[in-house]
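Hi everyone, thanks for coming. Let me put the structure up, and then I'll walk you through a few places in it.

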Amino acid sequence: MRKILFIALFLPMAVLAAATGARLDRSPHDTRDLASLQAGARTYVNYCLGCHSLQYMRYSSLTHIGLSETQVKDYLLFTADKVGEPIRAPLEVKAAKGWFGVNPPDLSVIARVRGADWLYTYLRTFYRDPKTATGWNNVAFPNVAMPHALWTLQGERGLDEKTHKFTEISKGAQSVTEYDATVRDLVNFLVYASEPAAASRRTIGIVVLFVLGVLFIFAYLLKTEFWKDVK
């Protein structure tokens, strides 16, 4: 039974890793870290929102990660007039297909579809490839249509086909450690956006299990009392 449960839980991610041919790095995200979520929201708005929507999330939802409505209006409200509107990218579908061949996916549930580890690995494994239309390629997603949106932060890298190691072409605005932290925050925000109620639901679940445990003790004691004289 334990073996079957292990396969059910981990086989999908193993299949995903095998399909891409990449070893997935573990994402160090933590949706309880509000500072990280706020930093991730800033990165998403500045670097991802131009192409990728979060249409199942509203700008007003950003107040749930510790931001005031004024902060959302002043610094993050770029594609809408009111904070109650969904977070939609300004890129038109027809233009997107003409530029990239496909419409950039909505990121509302991308963390649930791909997994946080995949996202964390994907955003850190872009490299220059003159054979592609965009001039970029990715280890986790070979021949991806998306260019490297964060290249000014990470810098430009090449990939040695013999050693499969990255080589530096030009430096970015951030060091390796700083860029990894930026990606961690972005993935953290996307994980939160895919299921904002996850943290509170887990807390409620723990409380419910505790209450059920206490009730079980009382029920067992009551059963023992009722049946103590039955032979």
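When I say helix or strand, I mean a DSSP run, H or I of at least four residues for helices and E of at least two for strands, numbered from the N terminus. Please keep in mind that this is a predicted model, where local features need pLDDT of at least 70, side-chain atom pairs count only at pLDDT 80 or more, and totals for chains, interfaces and linings use all residues. Residues are numbered from 1 along each chain as its sequence is written, and side-chain values use heavy atoms, with hydrogens and water left out.

Let's begin with the overall picture. The protein has nine helices and six strands. Of its 231 residues, 36% are buried; buried is under 20% relative accessible area, exposed is over 50%, and partly exposed is in between, with a 1.4 Å probe and protein chains only. The exposed surface comes to about 14,900 Å², and carbon and sulfur atoms supply 61% of that. Those areas come from the Shrake-Rupley method with a 1.4 Å probe, and for residues only the protein chains shown count as cover.

Now for contacts, by which I mean heavy atoms within 4.5 Å. Take the contacts between residues at least 6 apart in sequence: 63% of them join residues at least 24 apart.

At what angle do α2 and α8 pack? Helix α2, residues 34-48, meets helix α8, residues 176-194, at about 95°, and their axes are 7 Å apart. The axes here are lines fitted to C-alpha atoms, for helices over the stretch in contact, and angles run from 0 to 180 degrees between N-to-C directions. So α2 is roughly perpendicular to α8. On that scale, under 35 degrees is roughly parallel, over 145 roughly antiparallel, 65 to 115 roughly perpendicular, and the rest oblique.

Who makes the contact? From α2 we have Ser36, Leu37, Ala39, Gly40, Ala41, Thr43, Tyr44 and Cys48, and from α8 come Thr182, Arg184, Asp185, Leu186, Asn188, Phe189 and Tyr192. Sorted by class, that is eight nonpolar, five polar and two charged residues. For the classes, Ala, Val, Leu, Ile, Met, Phe, Trp, Tyr, Cys and Pro count as nonpolar, Asp, Glu, Lys and Arg as charged, and the others, Gly among them, as polar.

Cys48 is buried at 12% relative accessible area, while Cys51 is partly exposed at 27%.

Leu107 sits in the loop between α4 (93-100) and α5 (110-114), and at 9% relative accessibility Leu107 is buried. Beyond its neighbours within four places in sequence, Leu107 touches Tyr44, His52, Ser53, Leu54 and Leu190. Its C-alpha is also 8.3 Å from that of Ala193, 86 residues apart along the chain.

Setting aside neighbours within four places in sequence, Gly155 contacts Trp136, His148, Ser170, Lys171 and Gly172. From Gly155 to Ile169, 14 residues apart in sequence, the C-alpha distance is 7.6 Å.

Arg26, in the loop between α1 (2-20) and α2, is exposed at 70% relative accessible area. Apart from neighbours within four places in sequence, Arg26 is in contact with Asp117 and Tyr120.

Finally, a look at the backbone. Asn143 has a phi near 60°, which is a positive value in a residue other than glycine. Asn143 lies in the loop between β4 (136-138) and α7 (151-154), and is exposed at 61% relative accessible area. His164 also has a positive phi, about 60°, and is not a glycine either. You'll find His164 in the loop between β5 (155-159) and β6 (166-171), exposed at 60% relative accessibility.

That's my tour, and I'm happy to go back to any of these places.
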